[in-house]
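Subject: Structure handover

Hello,

The structure you asked for is below, with notes on what was found in it. Please read the notes with the structure open beside them.

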Amino acid sequence: MLKYQHRIVHLVNGYIKDPSEAQDVAQESFIKAYRALGSFRGDAAFYTWLYRIAINTAKNYCLARSRRSASQEVDIQDAEAIEHAPQLHGLDSPEGLLLTQEIMDTIKTALATLPEEMRMAIELREFDGLSYEEIAEAMDCPVGTVRSRIFRARATIDNMINPLL
């Protein structure tokens with residue numbers, strides 16, 4: 001768990017935007033993996049096996065969450081926490097902050113609009129640092145397919161952020 005906890009939490013964060021919920025889902029993924037440790041055959045790398053468990057757990061969580069109606073109201077303490085967030089202070093200029101935020105929002109939007117296979121491939125490569133071979137193993141597809149998906153994902157993201165640059 002110590003070896004993979006940060007990678008799994010980051011992975012789950014791609015599906016679940018609330019950090020505390022993402023940590024809960026990551027923890028549940030580790031529990032599921034521990035319980036299923038006897039079924040690990042060793043055909044793939046351990047991280048690949050754990051990755052699939054985490055992805056499935058996150059997808060199941062999102063599905064269950066979409067089925068129940070959750071309140072979208074903002075709590076006053078949450079608003080105060082956002083207002084006093086350290087990353088909002090000490091930046092070069094308001095214009096720089098705005099442009100940085102706009103680029104980040106555009107990248108998030110671009111990632112969200114990608115087909116799941118492309119988004120998964122680019123996130124595994126760029127955020128998790130996996131090699132093309134590891135991604136191919138995790139996604140159960142040829143390396144050439146992984147390269148193509150990552151190339152197309154990068155091109156899509158580039159097309160969306162180029163007007164801002």
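A term for residue classes comes first: Ala, Val, Leu, Ile, Met, Phe, Trp, Tyr, Cys and Pro count as nonpolar, Asp, Glu, Lys and Arg as charged, and the others, Gly among them, as polar.

This is a predicted model, in which local features need pLDDT of at least 70 and side-chain atom pairs count only at pLDDT 80 or more, while totals for chains, interfaces and linings use all residues. Residues are numbered from 1 along each chain as its sequence is written, and side-chain values use heavy atoms, with hydrogens and water left out.

Overall layout

The chain has eight helices and zero strands; helices (H or I, at least four residues) and strands (E, at least two) are DSSP runs, numbered from the N terminus. Of its 165 residues, 31% count as buried. Buried means under 20% relative accessible area, exposed over 50%, and partly exposed in between (1.4 Å probe, protein chains only). Among contacts with a separation of 6 or more, 61% join residues 24 or more positions apart, where contact means heavy atoms within 4.5 Å.

The largest pocket

Rolling a probe the size of a water molecule over the atoms shows where empty space is left. The search uses a 1 Å grid over the protein atoms alone: a cavity is a set of points where a 1.4 Å probe fits but cannot get out, a pocket is an open set with protein on both sides within 12 Å along at least five of seven lines, and lining residues have an atom within 4 Å of a point. Grid points are joined across faces, edges and corners, and a volume is the space filled by probe spheres set on the points.

The largest pocket holds about 500 Å³ of space. It is lined by 16 residues, of which N13, G14, K17, K108 and E123 are the closest to its centre. Helix 1 (5–13), helix 5 (94–113) and helix 6 each give two or more residues to this lining, and helix 5 gives the most, six. By class, the lining of the largest pocket has seven nonpolar, four polar and five charged residues.

The cavity and E123

The whole structure has one cavity of 30 Å³ or more. The largest cavity has a volume of about 30 Å³ and is lined by L11, Y15, Y51, I55, R119, M120, E123 and L124. Helix 6 provides the largest share of that lining, four residues. Six of the lining residues are nonpolar, none polar and two charged.

E123 lies in helix 6 (residues 116–126). Is E123 buried or exposed? E123 counts as buried because its relative accessibility is 11%. Leaving out residues up to four places away in sequence, E123 touches L111 and D128.

Helices 7 and 8

The axes of helix 7 (residues 132–139) and helix 8 (residues 143–161) come within 8 Å and cross at roughly 105°. Axes are lines fitted to C-alpha atoms, for helices over the stretch in contact, and angles run from 0 to 180 degrees between N-to-C directions. Helix 7 and helix 8 are therefore roughly perpendicular; angles under 35 degrees count as roughly parallel, over 145 as roughly antiparallel, 65 to 115 as roughly perpendicular and the rest as oblique. The residues of this contact divide into seven nonpolar, no polar and four charged.

D140 is in the loop between helix 7 and helix 8. D140 is exposed, with a relative accessible area of 71%, and has a positive phi of about 55° although it is not a glycine.

Regards
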